[in-house]
Amino acid sequence: MASAMMKRSTATMMKSVAGNLRLRTFASVSVGTDLVSAAPDVSLQKARSWDEGVESKFSTTPLKDLFKDKKVVIFGLPGAYTGVCSTQHVPSYKNNIDKFKAKGVDHVVCVAVNDPYVMNGWAEKLEAKNAIEFYGDLDGSFHKSLDLGIDLSAALLGHRSHRWSVYVVDGKVKVLNVEKAPSEFKVSGGEVILGQI
């Protein structure tokens with residue numbers, strides 16, 4: 001009974017969030033946007049253990065290092081260890097990694113507003129770390145710069161990321177997909193963007 005009540009409560013909250021999102025536009029990022037120019041001072045944090053973080057002196061990765069002279073598929077999601085993210089979104093990329101490589105994609109990257117240690121633990125749990133590169137956007141600055149942030153406090157998540165995917169060539173967005181609500185999984189999955197490359 002408690003489980004059924006929790007499911008109804010979560011469904012009600014997500015419908016409320018979805019209703020608010022229908023009015024939203026994504027002016028900061030679009031096809032043709034140069035991600036490095038759109039977020040010039042932003043760096044992401046590669047998923048790693050705490051010891052690896054200490055050893056690297058808590059280094060970060062500038063966006064230009066991720067995108068320069070590369071073909072990259074990057075997808076963002078609301079958070080590590082959350083439902084759709086764990087059961088559908090990440091697996092849709094992990095299970096298609098060979099198809100991405102066959103299309104000439106250099107890297108498939110997952111990013112979320114989480115710290116790199118949580119992202120590391122989650123990637124290991126999903127057994128996806130060898131296929132996908134995981135990065136944390138600790139303070140949400142990457143997503144804010146692209147107007148892809150969202151307040152999910154109603155789900156006890158705080159400020160997070162919309163669910164989205166992009167295909168980037170040498171830093172420029174060639175394909176952009178953004179879900180209408182964070183609970184939806186219709187346009188941002190691996191199979192969809194594979195068909196767009």
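Buried means under 20% relative accessible area, exposed means over 50%, and partly exposed covers what lies in between. The legends below describe a predicted model.

**View 1. Phe-75 and Tyr-93 form a stacked aromatic pair.** The two ring centres are 3.9 Å apart, with 5° between the planes. Phe-75 belongs to strand S3 (residues 71-77) and Tyr-93 to helix H5 (residues 83-94), so the pair ties together parts that are 18 residues apart in sequence. Both Phe-75 and Tyr-93 are buried. A search of the whole structure finds 7 aromatic pairs.

**View 2. Trp-122 and Phe-134 form an edge-to-face pair.** Their ring centres lie 5.9 Å apart, and because the planes meet at 80°, the pair counts as edge-to-face. Trp-122 sits in helix H7 (residues 116-125) and Phe-134 in strand S5 (residues 133-136), so this pair ties together parts that are 12 residues apart in sequence. Trp-122 counts as buried because its relative accessibility is 0%. Phe-134, with a relative accessible area of 2%, is buried too.

**View 3. Trp-50, Val-54 and Phe-58 form a nonpolar patch on the surface.** Together the three residues have about 320 Å² of accessible area. Val-54 is found in helix H3 (residues 50-55). Its relative accessibility is 43%, so Val-54 counts as partly exposed.

**View 4. Trp-50, Phe-58 and Tyr-117 form one aromatic cluster.** Trp-50 and Phe-58 also belong to the nonpolar surface patch that includes Val-54.

Technical notes. Residues are numbered from 1 along each chain as its sequence is written. This is a predicted model: local features need pLDDT of at least 70, side-chain atom pairs count only at pLDDT 80 or more; totals for chains, interfaces and linings use all residues. Side-chain values use heavy atoms; hydrogens and water are left out. Patches are made of residues with over 30% relative accessible area and no salt bridge: like charges are joined within 9 Å, nonpolar side chains (Val, Leu, Ile, Met, Phe, Trp, Tyr) within 5 Å. Accessible areas come from the Shrake-Rupley method with a 1.4 Å probe; for residues, only the protein chains shown count as cover. A salt bridge is a side-chain nitrogen of Lys or Arg within 4 Å of a carboxyl oxygen of Asp or Glu. Helices (H or I, at least four residues) and strands (E, at least two) are DSSP runs, numbered from the N terminus. Buried means under 20% relative accessible area, exposed over 50%, partly exposed in between (1.4 Å probe, protein chains only). Rings of Phe, Tyr and Trp (its six-membered ring) pair if their centres lie within 6.5 Å; planes under 30 degrees apart count as stacked, over 60 as edge-to-face and the rest as tilted.
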